[in-house]
Amino acid sequence: METSDGFRPKRSASVLAGVSVVLCGDLGGTNSRLELFRVEDPRGLDASALHQVGKIQPLSKCTYKNDNVEGNFTDLLHQFLRDSNLPLFELVAGCLAVAGPVSKDRVVFTNLCWVIDARSLEDEFEMPRGSMRLVNDFAANGYGVVTLEASDYDEISPHGPIVPTVGAPVACVGAGTGLGETFATSSETSGGLIYDAWPSEGGHVAFAPRDDLQCELLLHLMGKFHGRVSTERVVSGKGIVSRRHRHQERRPHQRP
């Protein structure tokens, strides 16, 4: 399948060019961030080689506003490859962090009308079978958090410095277009302590008010959304809009 301008990366031609690239992406409800990294020997593409991806400068990177995308993610990826202005190349692997629950390398986005299937992307861009992976975006954040050094973060505890417990579970929460949550747990291996990050849709738990003002907010949102109110409806980009509208409604009317 070709785009309207006839663009389609061809594996046979790209192999001759000797430029093999790995695709990395962070696809949220509002923005899509895409990067291409060169790998020297795709035939030896193993964990060690992939570990270097991200530690080197990308060949190309772009950020797109999803509201401006005409079509689906496949169309956006074609656009990104055109915008990259690279010579003939071959996509040999890819990993996309996506804002939604992933099942069998397929995702239906929570706050975006996109469905992405890794096997379909492999067919569309002539990638090796099994070379494209999808991972929940906050599971990806969880794996990133456990790699941080002490100099990479700020302490916000009102009780002064806290020494983390080695091997303790780690929580990662972030409010973007929606409310992302993940947790990471550790296990002992022959190589030492390792962490696994677990995706969750914890942002969709019911909002539990704790005082009169929050109860008033809950009643307002129940009327707006005609029933159940999740925490994401309060703590997220969309939640900020809802809270602002409620704040404006509560202002006393001024006389002209």
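**Cysteines**

I began with Cys172, which counts as buried because its relative accessibility is 12%, where buried means under 20% relative accessible area, exposed over 50% and partly exposed in between, with a 1.4 Å probe and protein chains only. I then looked up Cys215, which counts as partly exposed at 35% relative accessibility. My search of the whole structure for disulfides (pairs of cysteine sulfur atoms within 2.5 Å) found zero.

**What I am working with**

I note that this is a predicted model, in which local features need pLDDT of at least 70 and side-chain atom pairs count only at pLDDT 80 or more, while totals for chains, interfaces and linings use all residues. Residues are numbered from 1 along each chain as its sequence is written, and side-chain values use heavy atoms, with hydrogens and water left out.

**The five-stranded sheet**

I took helices (H or I, at least four residues) and strands (E, at least two) as DSSP runs numbered from the N terminus, and I counted two strands as paired if DSSP finds at least two bridges between them. On that basis I found an open sheet of five strands in the order E3-E2-E1-E4-E7, with mixed pairing. Strand E3 (60-65) and strand E7 (132-136) each have a single partner strand, so one side of each is left without a neighbour in the sheet. Neighbouring strands of this sheet are turned by 15° against each other on average, direction ignored, with axes being lines fitted to C-alpha atoms, for helices over the stretch in contact, and angles running from 0 to 180 degrees between N-to-C directions.

Within this sheet I followed E1 (residues 20-27) and E2 (residues 31-39), which run antiparallel and are joined by eight bridges; Asp26 stands opposite Arg33 in E2.

**Helices across the sheet**

I saw that helix H3 (residues 73-84) lies across E1, E2, E3 and strand E4 (90-98), at about 135° to E3, whereas helix H5 (residues 137-145) lies across E1, E4 and E7, at about 85° to E7.

Which residues does Ser84 contact, leaving aside its neighbours within four places in sequence? With contact meaning heavy atoms within 4.5 Å, I found Leu36 and Ser60. Ser84 belongs to helix H3 and counts as buried because its relative accessibility is 10%.

**A hairpin**

Lastly I looked at strand E9 (residues 179-189) and strand E10 (residues 192-200), an antiparallel pair joined by nine bridges. E9 and E10 form a hairpin with two residues between them, and I noted Tyr195 in E10 as the bridge partner of Ser186.
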